[in-house]
Structures are given as structure tokens and as C-alpha cells.
Amino acid sequence: QSTWAGAPLPVSPLSTLILASTTGAIGIVAALTADDFAFFAALQTAMRLVVVGVGGFKHEDWRGFDDDAYRAPSAHFVDGDLIERFTELSPALKAEVGRQMAVDVGAIEARVDELTRRLH
């Protein structure tokens with residue numbers, strides 16, 4: 001049974017790893033519980049259906065790996081930048097994401113806000 005629409009996440013820091021690339025990118029890799037991962041992966045899927053990607057790209061293409069010899073879609077991770085964009089959506093788009101997930105918008109907002117507090 002899912003706890004997606006349940007109480008907000010407890011306030012506690014996540015186990016994280018900060019990384020930096022040779023191109024100057026900085027990122028965070030955070031360990032999520034199985035329930036958190038399932039919820040945020042579902043949110044990411046719904047967001048991909050509702051939000052237009054950077055430069056018109058599909059989000060999965062934008063975050064995928066591509067070079068001259070090999071192309072692979074992004075998989076098995078949740079993109080925090082996309083998740084945090086939920087807070088910037090119009091009420092109508094938030095409602096559409098909630099409909100796609102079959103979860104109340106208020107419950108989604110609470111989970112996203114709590115995750116953001118735990119990461120920043």
C-alpha cells in the first residue's frame with residue numbers, strides 16, 4: 001500500500017554525495033527510501049508528460065547520454081531539477097500532474113517541499 005498521499009517526510013538529512021565535473025557542473029546524489037524513490041519517479045514521469053523540456057527536447061533525451069558511438073536514455077535516477085520545477089508550475093499544470101499520478105496536489109507539494117528542505 002502506497003504512502004504517497006500520507007504525512008510529509010520526516011525532517012532529517014539525506015545521505016548525500018556532492019560531485020563536481022570537469023566541465024564545472026555541480027550535483028548531489030542522494031539516497032532515497034524505496035517509497036520516496038517510487039513517489040518521485042512517478043512524479044518525474046508525470047512531469048515529463050506535462051512540462052516542455054529545455055530547448056524543446058524531451059526530458060529523457062536531455063538527461064540521456066549521447067556521444068558519436070553510443071546513445072542511452074537516462075534511467076534509474078530521479079532528476080531533482082525536474083522535481084523542483086513542480087513548485088513553479090501554474091495551478092492548472094499542477095492539477096494535471098496530480099491527475100496523472102492520481103495524487104492530491106497538496107500532497108505532492110508537501111513531499112516536494114520537504115525533499116527540497118532536506119537537500120538544501
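Angles between helices here run from 0 to 180 degrees between N-to-C directions, using axes fitted to C-alpha atoms over the stretch in contact. With that in hand, helix 4 and helix 5 pack at about 95 degrees, their axes 9 Å apart. Keep in mind that this is a predicted model.

**The chain as a whole**

- The protein chain has 5 helices and 4 strands.
- In sequence order, those elements run β-β-α-α-β-β-α-α-α.
- Of the 120 residues in the protein chain, 29% are buried.
- If you take the contacts between residues at least 6 apart in sequence, 61% of them join residues at least 24 apart.

**Helix 4 against helix 5**

- On the helix 4 side, the contact is made by Lys94, Ala95, Val97, Gly98 and Met101.
- Helix 5 brings Val105, Ile108 and Glu109 to that contact.

**Helix 4 against helix 1**

- Helix 1 and helix 4 also have axes 9 Å apart, and they pack at about 125 degrees.
- Helix 1 and helix 4 therefore count as oblique to each other.
- Their crossing is right-handed.
- Helix 1 makes the contact with Phe39, Ala42, Leu43, Ala46, Met47, Leu49 and Val50.
- From helix 4 come Leu93, Glu96, Val97, Gln100 and Met101.
- Val97 and Met101 turn up in this contact, and both are also part of the helix 4 contact with helix 5.

- Lys94 sits in helix 4, which covers residues 91–101.
- Is Lys94 buried or exposed? Its relative accessibility is 13%, so Lys94 counts as buried, the cut-off being under 20%.
- The side chain of Lys94 makes a polar contact of 3.0 Å with the side chain of Glu109.
- Leaving out residues up to four places away in sequence, Lys94 touches Phe86, Thr87, Leu89, Val105 and Glu109.
- Gly98 is another helix 4 residue, and Gly98 is buried too, with a relative accessible area of 5%.
- Which residues does Gly98 contact, leaving aside neighbours within four places in sequence? They are Val103 and Ile108.
- Gly98 and Met47 are 51 residues apart in sequence, yet their C-alpha atoms are 9.6 Å apart in space.
- Pro91 belongs to helix 4 as well, but at 68% relative accessibility Pro91 counts as exposed.
- Between Pro91 and Val105, 14 residues apart along the chain, the C-alpha separation is 9.0 Å.

**Salt bridges**

- As background, side chains of opposite charge can pair when their charged atoms come close.
- How many salt bridges are there? The count comes to 6.
- One of them joins the side chains of Arg111 and Asp35, at 3.8 Å from N to O.
- Arg111 is in helix 5 (residues 105–119) and Asp35 in helix 1 (residues 34–50), so this pair ties together parts that are 76 residues apart in sequence.
- Arg111 is buried at a relative accessible area of 2%, whereas Asp35 is partly exposed at 27%.
- Arg118 and Asp36 meet in another salt bridge, at 4.0 Å from N to O.
- That pair also links distant parts of the chain, with Arg118 in helix 5 and Asp36 in helix 1, 82 residues apart.
- Arg118 and Asp36 are both buried.
- Why are Glu96 and Arg99 separated by about one helical turn? Because they are 3 residues apart in helix 4.
- Glu96 counts as partly exposed at 25% relative accessibility, while Arg99 counts as exposed at 55%.
- Turning to shared partners, salt bridges join Asp35, Asp36, Arg111 and Arg118 into one network.

Note on methods. Residues are numbered from 1 along each chain as its sequence is written. This is a predicted model: local features need pLDDT of at least 70, side-chain atom pairs count only at pLDDT 80 or more; totals for chains, interfaces and linings use all residues. Side-chain values use heavy atoms; hydrogens and water are left out. Helices (H or I, at least four residues) and strands (E, at least two) are DSSP runs, numbered from the N terminus. Buried means under 20% relative accessible area, exposed over 50%, partly exposed in between (1.4 Å probe, protein chains only). A polar contact is a pair of N or O atoms within 3.5 Å; within protein, one must be able to donate a hydrogen and the other to accept it, and residues adjacent in sequence count only if both atoms are side-chain atoms. Contact means heavy atoms within 4.5 Å. Angles under 35 degrees count as roughly parallel, over 145 as roughly antiparallel, 65 to 115 as roughly perpendicular and the rest as oblique. A crossing is left-handed if the near helix is turned anticlockwise from the far one by less than a right angle, and right-handed if clockwise.
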